[in-house]
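Here's a protein to explore on your screen.

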Amino acid sequence: MIRRIAKSKPNAAMTAAPFVPASRSLGRLRAAATHCEGCPLFRPATQTVFGAGSRGARLVLVGEQPGDQEDLAGKPFVGPAGRLLDELLSEAGIGRDDIYVTNAVKHFKWQQRGKRRLHAKPTAREVTACRPWLEAELESVQPAGVVCLGATAAQSLLGNKFRLTRQHGDLLENSEVSAAWIMATWHPSAVLRAPDRARRGELRKLVIADLAEARKRLDRRPK
Ligand code: URA
């Protein structure tokens with residue numbers, strides 16, 4: 001059964017909305033996103049990291065925000081989390097070429113530590129500000145399903161009451177989102193950062209099971 005999510009309250013103060021064109025061509029959206037100044041995160045980032053993948057994808061995966069390597073490459077999930085994501089997808093029987101992958105926030109938020117740029121978690125306002133891009137991408141791709149990777153993506157599309165530990169793998173519906181169902185599971189970085197081998201193995205199994213469930217759902221329903 002698919003459960004319905006309550007409507008979100010837009011925050012007009014800080015938003016990417018004025019930068020999002022009316023066109024739902026992915027090429028036009030991507031080009032326009034390079035100029036986005038909808039929140040302060042565009043300043044320290046190298047570039048906007050827009051989504052990538054198949055424009056006819058039946059499944060969209062949404063991460064949190066680009067990391068250091070993604071910021072430099074301009075493509076989502078090309079660093080360590082992306083390599084693990086490829087492994088998890090393959091174990092769940094999903095080909096990376098069959099999906100569209102993007103992030104809830106399109107700029108890398110970071111803090112300098114010595115020579116390294118360390119990931120900094122985006123605030124709820126920054127996530128909300130960036131949501132018009134995610135909505136436009138979903139309207140363009142029109143997938144059957146969306147899998148949110150981690151709490152930030154889940155809270156962007158499912159609201160801030162969403163809890164991964166309780167609700168991962170559940171099929172949910174949000175009438176504001178262009179997809180028949182939305183599911184959430186852990187982010188590959190949570191697997192990489194697990195405190196020990198046992199927990200890493202446990203999280204890995206849970207993510208693969210959630211992704212496999214999403215694949216089964218796609219197999220059952222035509223787009
Ligand atoms: N983590 C994310 O959430 N997205 C990326 O693109 C890379 C790492």
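Predicted model: local features only at pLDDT ≥ 70, side-chain atom pairs only at ≥ 80, totals over all residues.

Residues are numbered from 1 along each chain as its sequence is written, and side-chain values use heavy atoms, with hydrogens and water left out.

**The whole chain**

Let's start with the big picture. The chain has eight helices and nine strands, both taken as DSSP runs numbered from the N terminus (helices are H or I, at least four residues; strands are E, at least two). Its radius of gyration is 16 Å, close to the 17 Å from the globule rule for 223 residues, so the chain is as compact as a globular protein of that length. That radius is taken over C-alpha atoms, and the rule is 2.2 Å times the number of residues to the power 0.38. The C-alpha trace spans about 40 × 40 × 30 Å along its principal axes. Of the 223 residues, 50% count as buried. Buried means under 20% relative accessible area, exposed means over 50%, and partly exposed is in between (1.4 Å probe, protein chains only).

**Around the ligand**

Which residues surround the ligand? They are G63, E64, Q65, P66, G67, E70, P76, F77, N103 and H187, counting a residue as near if one of its heavy atoms lies within 4 Å. This shell divides into three nonpolar, five polar and two charged residues; Gly counts as polar, Pro and Phe as nonpolar, and Glu as charged. Here are some polar contacts, meaning pairs of N or O atoms within 3.5 Å:

| Residue | Atom in the protein | Atom in the ligand | Distance |
|---|---|---|---|
| F77 | backbone N or O | oxygen | 2.9 Å |
| N103 | polar side-chain atom | nitrogen | 2.7 Å |
| H187 | polar side-chain atom | oxygen | 2.7 Å |

The protein covers 94% of the 230 Å² of accessible area that the ligand has on its own, by the Shrake-Rupley method with a 1.4 Å probe.

**The cysteines**

A disulfide is a covalent bond between the sulfur atoms of two cysteines. Counting pairs of cysteine sulfur atoms within 2.5 Å, we get zero disulfides. C36 is buried, at 8% relative accessible area. C148 is buried too, at 0%, and its sulfur is 14 Å from the closest cysteine sulfur, again in C130, so a bond is out of reach.

Finally, find R204 in helix α8 (residues 197-220). R204 is partly exposed, at 22% relative accessibility.

Technical notes
Polar contact = N/O pair within 3.5 Å; in protein donor to acceptor, adjacent residues only side chain to side chain.
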